[in-house]
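Please look over the protein shown here, together with the report that follows on its loops, helices and cores.

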Amino acid sequence: MADKESVNFHQEVIDICLTAGRLMIEGGSEMYRVEDTMMRIARNAGVEDPRVFATPTCVFMSLDGGKLSQMKQIRDRNINLELVDRVNALSRKFAAKKINISELRNRIILTADATPTFPLWLQVLGAAALSATLMVLFMDNYDWVDFPAAAIVGAFGYLAYIYFKRFTKVRFLSELIAAMVMGIITVGITHLFPNMITDNILIGALMTLVPGLALTNALRDLFMGDLLSGIVRLFEATLTALALGGGVAIIIKFLGA
């Protein structure tokens with residue numbers, strides 16, 4: 001009976017840890033932070049010698065001296081730092097004895113079932129503001145008439161990215177299509193208003209989809225010694241950038257600026 005209770009306890013701990021790790025990776029966390037959170041949960045639950053290995057596509061964990069091992073596969077990865085923060089905060093509350101393991105399990109399950117996200121209209125509005133302001137930041141020589149154009153192109157491009165991502169499982173295809181949408185709208189605007197500059201508008205608009213945080217996390221993983229995760233994330237970010245550049249290049253090539 002005692003052995004059965006021990007197995008059930010270890011199974012509960014490993015389920016909690018793997019779910020927490022999966023959520024953090026899906027939210028865009030660095031691998032060392034994922035492993036640290038999972039180890040913290042296991043150790044504060046009273047488990048000795050927990051072993052964790054996390055990658056961008058899968059997380060492994062073993063307890064009880066390696067007798068119990070499980071893994072969870074991660075298929076969808078986004079940038080959701082609110083999700084990362086919530087899971088990390090729950091692990092620290094558990095470490096501080098503010099909640100017990102049952103409460104931790106329930107709250108993590110609740111977080112997994114109701115992933116915190118901003119409403120779509122607010123995301124699109126943020127994309128518009130980001131596109132316009134980053135155009136000003138990156139371009140030394142620009143005209144203020146490009147400012148609203150960059151906001152419009154960035155908003156519609158981001159909306160296209162969100163829309164097509166819901167209907168395809170092919171990685172990088174939604175980025176390619178979104179970049180093509182941005183290119184089409186930009187070419188149309190510059191034909192209607194010849195005084196607008198295509199480069200200014202596109203540079204600002206594309207910033208909404210450029211994988212800046214992914215590149216930063218890739219470098220942080222590399223510097224922390226997580227070579228596999230760092231190389232995978234760096235390659236993924238590079239392919240995303242190529243998809244964005246390729247989508248714009250196709251439109252400019254066939255429609256002209």
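## The loop between α3 and α4

K97 counts as exposed because its relative accessibility is 61%, where exposed means over 50% relative accessible area, buried under 20% and partly exposed in between, computed with a 1.4 Å probe on protein chains only. K97 is placed in the loop between α3 and α4, and its phi is near 65°, a positive value in a residue other than glycine. Helices (H or I, at least four residues) and strands (E, at least two) are DSSP runs numbered from the N terminus.

K98 is found in the loop between α3 and α4 as well, and with 65% relative accessibility K98 counts as exposed. When neighbours within four places in sequence are left aside, K98 is in contact with K93 and E103, contact meaning heavy atoms within 4.5 Å.

## Basis of the model

This is a predicted model, in which local features need pLDDT of at least 70 and side-chain atom pairs count only at pLDDT 80 or more, while totals for chains, interfaces and linings use all residues. Residues are numbered from 1 along each chain as its sequence is written, and side-chain values use heavy atoms, with hydrogens and water left out.

## Overall architecture

The secondary structure of the protein comes to 10 helices and 3 strands, and from the N terminus on the elements run α-α-β-β-β-α-α-α-α-α-α-α-α. The C-alpha trace spans about 80 × 35 × 30 Å along its principal axes. Among contacts in the protein with a separation of 6 or more, 66% are accounted for by residues 24 or more positions apart.

Of the 257 residues of the protein, 44% count as buried. The accessible surface comes to about 13,700 Å², of which 63% belongs to carbon and sulfur atoms; such areas come from the Shrake-Rupley method with a 1.4 Å probe, and for residues only the protein chains shown count as cover. The mean positions of the 24 positive and 24 negative charges are 4 Å apart. In that count Lys and Arg are positive and Asp and Glu negative, with His and the chain ends not counted, and the place of a charge is taken as NZ of Lys, CZ of Arg, CG of Asp or CD of Glu.

## The two nonpolar cores

A nonpolar core is a set of buried Ala, Val, Leu, Ile, Met, Phe, Trp, Tyr and Cys residues joined through side-chain atoms within 4.5 Å. The largest such core has 33 residues, and those with the most contacts inside it are V13, M38, M61 and L104. At least two residues of this core come from each of α1 (2-26), α2 (31-44), β1 (51-54), β2 (58-63), α3 (81-95) and α4 (101-113), and α1 gives the most, with 9 residues. A second, separate core of 23 residues includes V124, A151, A205 and L209.

What does M61 touch, not counting residues up to four places away in sequence? Its partners are I14, C17, L18, M38, A42, P50, R51, V52, L68, S69 and Q70. H10, found in helix α1, is buried with a relative accessible area of 12%. Leaving aside neighbours within four places in sequence, H10 is in contact with V47, L63, D64 and L68.

Helix α2 has 14 residues and reaches 20 Å from its first C-alpha to its last, close to the 20 Å expected at 1.5 Å a residue; the expected span is 1.5 Å times one less than the number of residues. The buried residues of α2 are M31, V34, E35, T37, M38, M39, R40, I41 and A42.

Just after α2, G46 takes a positive phi of about 95°. D49 lies in the loop between α2 and β1, and its phi is near 55°, a positive value in a residue other than glycine. At 45% relative accessibility, D49 counts as partly exposed.

## Helix α6 and its neighbours

The 20 residues of helix α6 (residues 146-165) should span 28 Å at 1.5 Å a residue, which agrees with the 28 Å between its end C-alpha atoms. Among the buried residues of α6 are D146, A151, G157 and Y161, and the buried residues of this helix pack against α5 (120-138), α7 (173-192) and α8 (198-206).

F156, also found in helix α6, counts as partly exposed at 48% relative accessibility. F156 and M182 are 26 residues apart in sequence and 7.2 Å apart in space, C-alpha to C-alpha. F156 touches V181 and I185, not counting residues up to four places away in sequence.
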